Amino acid sequence: MVYGGILEKGEEYYTHLKKLFSSMGDFQKNYRWLITDCTCYPTDPQVEKRLRCGKYCWLSGEELTAIVEREDIQWIWAVLSGFSKEVSLEEVLKYPLPYADGYRGFWKVPLTLQHPLARVELVPWDSCLTLLLGRDKELVDTFRQVFPLSEDLYDYNERLAQR
C-alpha cells in the first residue's frame, strides 16, 4: 500500500527541502536517491552540475543532505525517489525515469509510486506544493504531523474526483 500527503497551505515556501528534512528527523539519510525531472537554480556551480548533470542524479542520503544544507534553494520541479540502500543504480535504471511535470498519476486513487522499486517519492511540484508518497505509513504520518495544514493525498484526490 502507498500512503501520501500534500502540502500546499500554511508555509511561506513549499519546496524548500532543508526544513522538511530537518523537521522529519533527516529521514533522507536512510535512502539512496534518484533525482529526475529536476528544475532548480542553485548558486553553487558544483551543486548545479551535480543536480543537472543529465537525465538523472544518483545520490546517497548523506550527499543529498550536504547539497540541501549548502543550498537551501527552492525546487521548482523534481521527483526524488528514495530506495533502500541495497538497491543499485543498475537495477533502478531498468525502469522508466519518474517525472513530475505532466504526470497525472499523483492525482489518482489508489496512490502509487512511479518507480516500482522506490520506497518513497518526494515531489516538489511547480514550486507551489510538495507531495510525499511512500510505502511507510509512519513516514507519511510524520509529514502530516510536522506540517499540520498538509492533507492526506488519498482524501485530496477523492475530493478532486467528485468535482
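Where is threonine 39 found? This is a predicted model, and in it threonine 39 is found in strand 2. I'll start with that residue and then move to the core.

Threonine 39 has a relative accessible area of 21%, so it counts as partly exposed; buried would need a value under 20%. Setting aside neighbours within four places in sequence, threonine 39 contacts Arg52, Trp75, Ile76 and Trp77. Glutamine 74 is 35 residues away from threonine 39 in sequence, and their C-alpha atoms are 9.3 Å apart.

Next, the pairing of strand 2. Strands 2 and 3 run antiparallel and are joined by five bridges. As for strand 3, four of its five residues are buried, so the strand is mostly covered.

Now the largest nonpolar core. It has 30 residues, and those touching the most other members are Ile35, Trp75 and Leu80. Elements that give two or more residues to this core include helix 1 (17–23), helix 3 (61–70), strand 4 (75–83) and helix 5 (137–146). Strand 2 gives the most, with four residues.

Back to tryptophan 75. Again leaving out neighbours within four places in sequence, its contacts include Ile35, Leu80 and Thr39, as well as Thr15, Leu17, Leu51 and Pro124. There is also a second, separate core, with 22 residues, among them Ile76, Leu111, Leu113 and Leu131.

That's the end of my part.

How values were computed
Residues are numbered from 1 along each chain as its sequence is written. This is a predicted model: local features need pLDDT of at least 70, side-chain atom pairs count only at pLDDT 80 or more; totals for chains, interfaces and linings use all residues. Side-chain values use heavy atoms; hydrogens and water are left out. A nonpolar core is a set of buried Ala, Val, Leu, Ile, Met, Phe, Trp, Tyr and Cys residues joined through side-chain atoms within 4.5 Å. Buried means under 20% relative accessible area, exposed over 50%, partly exposed in between (1.4 Å probe, protein chains only). Contact means heavy atoms within 4.5 Å. Two strands pair if DSSP finds at least two bridges between them.
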